[in-house]
Amino acid sequence: MAWKSRTRNLQVFDTELSADTVEWCPVAPSHDILACGTYQLQKGTGEEDATPSRTGRLYLFEFRREGSMSPPLTELQRIDTAAILDLKWCHVPVCGEALLGMAAATGELQLYTLSDSQEGARSLHPLCSLEVGAERLALSLDWSTGRMESGDVRVVCSDSAGCVSVLSLAEGALTALSQWKAHDFEAWIAAFSYWDTQLLYSGGDDCKLKGWDLRVGPSCPTFTSKRHSMGVCSIHSNPQREHILATGSYDEQVLLWDGRNMRQPLSETPIGGGVWRLKWHPTHQHLLLAACMHNDFHILQCQQALAGSVGACPVLASYILHNSLAYGADWSQLSLEEAAPCSPTAAEPKQSLTESAAGHLRIQYESPTASFDTSLEDDAGRYIPEGIAAPSVTPSAGPVLNSNEDAPSLSCLLASCSFYDHMLHVWRWDWSPDEAVQESEQC
């Protein structure tokens with residue numbers, strides 16, 4: 001069965017400072033809540049002030065579906081902070097509240113609770129913080145709760161000194177359980193195995209991917225892989241498929257692994273640009289979102305690779321409307337069964353559309369920092385603005401999928417952010433068989 005997909009922009013927000021991380025809240029009923037973190041290097045102005053400072057801002061948004069004439073994203077809160085390197089929500093509520101973890105340039109891991117105010121609006125409130133080390137940047141964090149199990153809540157954090165720290169959360173406070181030197185240079189990423197939270201993975205600027213078993217201690221890794229040829233900066237355990245791990249690197253490769261055999265990856269996909277973040281879909285085990293720095297954002301179909309097929313994972317869709325380094329990206333679990341907003345608003349960038357040859361559209365995209373043209377295709381997973389009729393072209397066949405393994409159609413809400421143009425984008429991806437698309441067009 002051939003499939004069609006397309007990505008559509010819903011709103012663009014200027015974060016003012018360089019944006020590098022976005023995270024949708026996974027805890028019901030707050031799937032409509034989005035957090036965005038920024039990082040800005042402030043250089044000293046003179047000899048007495050030669051040390052650069054790193055500042056940031058934490059944004060909180062709510063995604064609303066009140067009508068086609070209103071922008072869906074509403075800013076709820078902004079908090080000036082130290083520069084933010086990573087954000088992750090705890091996958092389960094703790095003491096009845098959603099928790100957001102933040103890795104800061106001060107070397108701290110900071111936790112915030114999401115609470116309702118007396119006026120009914122939701123906002124973040126500081127809960128606790130813990131410094132993982134002096135004179136270092138906290139670079140990444142991950143929660144042990146990816147399988148939605150709320151027993152022993154722990155956090156792993158990596159830092160610029162090459163260390164990995166494991167912390168526990170109890171009674172509203174963080175406690176350091178262990179810390180060790182894991183990599184020779186920056187430890188860009190650390191992550192739990194969501195299926196066995198005694199297992200950790202880390203990646204660093206020394207081009208090494210390592211595994212750790214907390215039951216035997218961190219004196220020696222369970223494995224060290226040098227399969228990536230450059231720094232390893234993204235790791236994510238598949239929450240729906242046991243043993244499966246995805247890793248990304250500056251070497252522009254996405255590798256899929258079976259954790260029981262780390263000598264050889266299941267697949268290797270050259271995707272370009274340097275893979276800064278990877279995110280498995282929270283419920284569809286074969287879909288992988290990649291933020292590729294110099295090469296935009298892509299959704300990979302990993303079904304054949306996980307079934308043992310040799311070869312790269314095909315790209316189902318691409319989102320190409322950012323104008324800078326593609327850093328942060330995440331899936332929302334919010335349902336998109338209703339029609340998406342379709343009218344441009346004052347909060348969105350101006351877009352002028354003209355048709356060009358061969359069934360393509362041309363869009364002039366204006367941002368605060370630059371403007372550029374890009375070709376748009378409806379049948380190649382490219383952006384088609386909501387409410388604009390797609391040109392009549394012959395559909396091209398997409399990857400052949402097993403309809404028993406995947407839903408007959410899927411509509412996803414996503415967010416992504418880019419660095420130097422300080423932009424946050426909220427967009428949707430619709431994925432369906434050709435037959436379903438043809439039926440909807442006839443209605």
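**Exercise 1.** Which strands each supply at least two residues of the lining of the second largest pocket?

*Solution.* This is a predicted model, in which local features need pLDDT of at least 70 and side-chain atom pairs count only at pLDDT 80 or more, while totals for chains, interfaces and linings use all residues. Residues are numbered from 1 along each chain as its sequence is written, and side-chain values use heavy atoms, with hydrogens and water left out.

Step 1. Strands are DSSP runs of E, at least two residues, numbered from the N terminus. A pocket is an open set of points on a 1 Å grid over the protein atoms alone, where a 1.4 Å probe fits, with protein on both sides within 12 Å along at least five of seven lines; lining residues have an atom within 4 Å of a point.

Step 2. The strands asked for are β2 (19-24), β7 (84-89), β11 (138-143), β15 (189-192), β19 (232-237), β23 and β27 (326-331). The largest share, four residues, comes from β23.

Step 3. The lining has 32 residues, and His-91, Tyr-194, His-236, Trp-280 and Asp-330 lie nearest the centre of the pocket.

**Exercise 2.** Find the place of β23 in its sheet.

*Solution.* Step 1. The open sheet has four strands in the order β23-β24-β25-β26, with antiparallel pairing. Its edge strands, each pairing on one side only, are β23 (277-280) and β26 (315-319).

Step 1. Two strands pair if DSSP finds at least two bridges between them. Four bridges join β23 to β24 (residues 287-291) in the antiparallel sense. Trp-280 stands opposite Leu-288 in β24.

**Exercise 3.** Describe β2 and its pairing with β3.

*Solution.* Step 1. Six of the six residues of β2 are buried, where buried means under 20% relative accessible area (1.4 Å probe, protein chains only).

Step 1. β2 and β3 (residues 33-38) pair in the antiparallel sense over five bridges. Cys-36 in β3 is the bridge partner of Val-22.

Notes
Buried < 20%, exposed > 50% of the residue type's maximum accessible area, 1.4 Å probe, protein only.
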